[in-house]
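Hi everyone, thanks for coming. Please have a look at the structure on the screen, and I'll talk you through a few parts of it.

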Amino acid sequence: MKTNLRTLLTAGLSVLALTAMAQQEIVSLWPEGKVPNAIPNSVEEKTATSGGIMRISGVTVPALTAYIPAKEKATGAAVMICPGGGYSILAAEHEGSDLAEWFKERGVAAFVLKYRLPTPKAMTNQHEVPLMDAMQGMKLIRQNATKWNVDPSKVGVMGFSAGGHLAATLSTHFNKGAGASEAAKPNFSILLYPVISFLPSISHGGSRDNLLGAAKSDELIRYYSNELQVDASTPPAFLVHAEDDKGVPVENSIEYYLALKKNNIPVEMHLYPTGGHGFSMRTDGKGSVANWPKAMEGWMQSMGWMK
């Protein structure tokens, strides 16, 4: 009897897992064979989990995974989520799917962006590629707005660490370079412990070197230092950072905040004394930083993006 009960429970859990997976739609960013800057069959994608963190490496086929709330719960708002990982891996669970489920429960459509990881083995002009994928992701969300019950004027971007750099780059470079378009512009950004600057004094060197590679000129360093690229067209932002972050200095968020204020862009910033780096929603034992999701929820409600 115990064996039969265990079998039934296992089968039931498998059905639930398959049902949950079926509710998520995976959309390729680019038509097959038309991925820009790609060097075909060059790098193998791998997924591994250690220390409770799932890491995806070798991404060369970018995609969006859609988490769509029930129609009766949908607010019309949407968020494209860019996981972090220093532009070398994607922490696609605790900085991706976990947040997507959180937004979905609150009526906000969420899309986890699996963007290509820059490497000269897999692409030309590697520094252009993550931004190309982010721009294309935003365009696809708006192109499918009716299908996904999304209001095209309420589509934001969220990013963590190096994913925060990509989200901030999208916010400040949507009208620059290949793929530039108003359709790629986020209506708002949510940035957690983001890499903002590539200037030596506050940069996360690994993210900078992985993105820029051998083309690491002073000109590109300034171009991708997003605090220097803010202007009147940059969207509003919500910033979260821990002051004891040893990976990405808190000055990254502070400099972006000051640049937004200088340009009269609405911005809300929450700095916490402890929390370290990479906490996402895993904040047990990290002090007051555990309150950041509630603060973000209040901000989104005040801006009309969440009920």
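**Salt bridges, sheet and cores**

Let's begin with a neighbouring pair: Glu 105 and Arg 106 form a salt bridge, with the closest N and O atoms 3.6 Å apart. By salt bridge I mean a side-chain nitrogen of Lys or Arg within 4 Å of a carboxyl oxygen of Asp or Glu. Before going on, please keep in mind that this is a predicted model: local features need pLDDT of at least 70, side-chain atom pairs count only at pLDDT 80 or more, and totals for chains, interfaces and linings use all residues. Residues are numbered from 1 along each chain as its sequence is written, and side-chain values use heavy atoms, with hydrogens and water left out.

Back to our pair. Glu 105 counts as exposed, at 51% relative accessibility, while Arg 106 is partly exposed at 26%. Those words have cut-offs: buried means under 20% relative accessible area, exposed over 50%, and partly exposed in between, using a 1.4 Å probe and protein chains only.

How many salt bridges does a search of the whole structure find? The search finds 9. In general, side chains of opposite charge can pair when their charged atoms come close. One of the bridges joins Asp 209 to Arg 208, with the closest N and O atoms 3.0 Å apart. Here Asp 209 is partly exposed at 32% relative accessibility, and Arg 208 is buried at 15%. There is also a network of salt bridges linking Glu 93, Asp 98 and Arg 282.

Another one to look at is Glu 25 with Lys 147, where the closest N and O atoms are 2.7 Å apart. Glu 25 lies in strand β1 and Lys 147 in the loop between α3 (129-143) and β7, so this pair ties together parts that are 122 residues apart in sequence. Glu 25 itself is partly exposed, with a relative accessible area of 30%. A word on naming: helices (H or I, at least four residues) and strands (E, at least two) are DSSP runs, numbered from the N terminus.

Glu 25 takes us to the sheet. Its bridge partner in β4 is Ala 66. β1 and β4 (residues 63-67) pair in the antiparallel sense over 5 bridges; two strands count as paired if DSSP finds at least two bridges between them. The whole sheet is open, with 8 strands in the order β1-β4-β6-β5-β7-β8-β9-β10 and mixed pairing. Which strands are at the edges? They are β1 (24-28) and β10 (267-272), each of which pairs on one side only. From one strand to the next, the twist averages 15 degrees.

Now for the helices. Helix α2 (residues 93-105) packs on the sheet and touches β1, β4, β5 (78-82), β6 (109-114), β7 (155-160) and β8 (189-192). Its direction makes about 165 degrees with that of β5. Contact here means heavy atoms within 4.5 Å; axes are lines fitted to C-alpha atoms, for helices over the stretch in contact, and angles run from 0 to 180 degrees between N-to-C directions. Helix α4 (residues 162-173) lies across β5, β6, β7 and β8, at about 145 degrees to β7.

Helix α8 (residues 292-302) has several buried residues, among them Trp 292, Met 296 and Trp 299. Its buried residues pack against β5, α2, β7, β8, β9 (237-242) and β10. After α8 comes Gly 304, whose phi is positive, near 85 degrees.

What about the inside? The largest nonpolar core has 56 residues, and Met 80, Phe 111, Leu 113 and Tyr 256 have the most contacts inside it. α3 gives the most to this core, with 7 residues. A second, separate core of 30 residues includes Met 158, Val 240, Ala 242 and Phe 279. A nonpolar core is a set of buried Ala, Val, Leu, Ile, Met, Phe, Trp, Tyr and Cys residues joined through side-chain atoms within 4.5 Å.

To finish, one loop. Ile 68 is found between β4 and β5, and, not counting residues up to four places away in sequence, touches Lys 104, Ala 109, Phe 111 and Trp 148. Thr 75 lies in the loop between β4 and β5 as well, and is buried at 16% relative accessibility.
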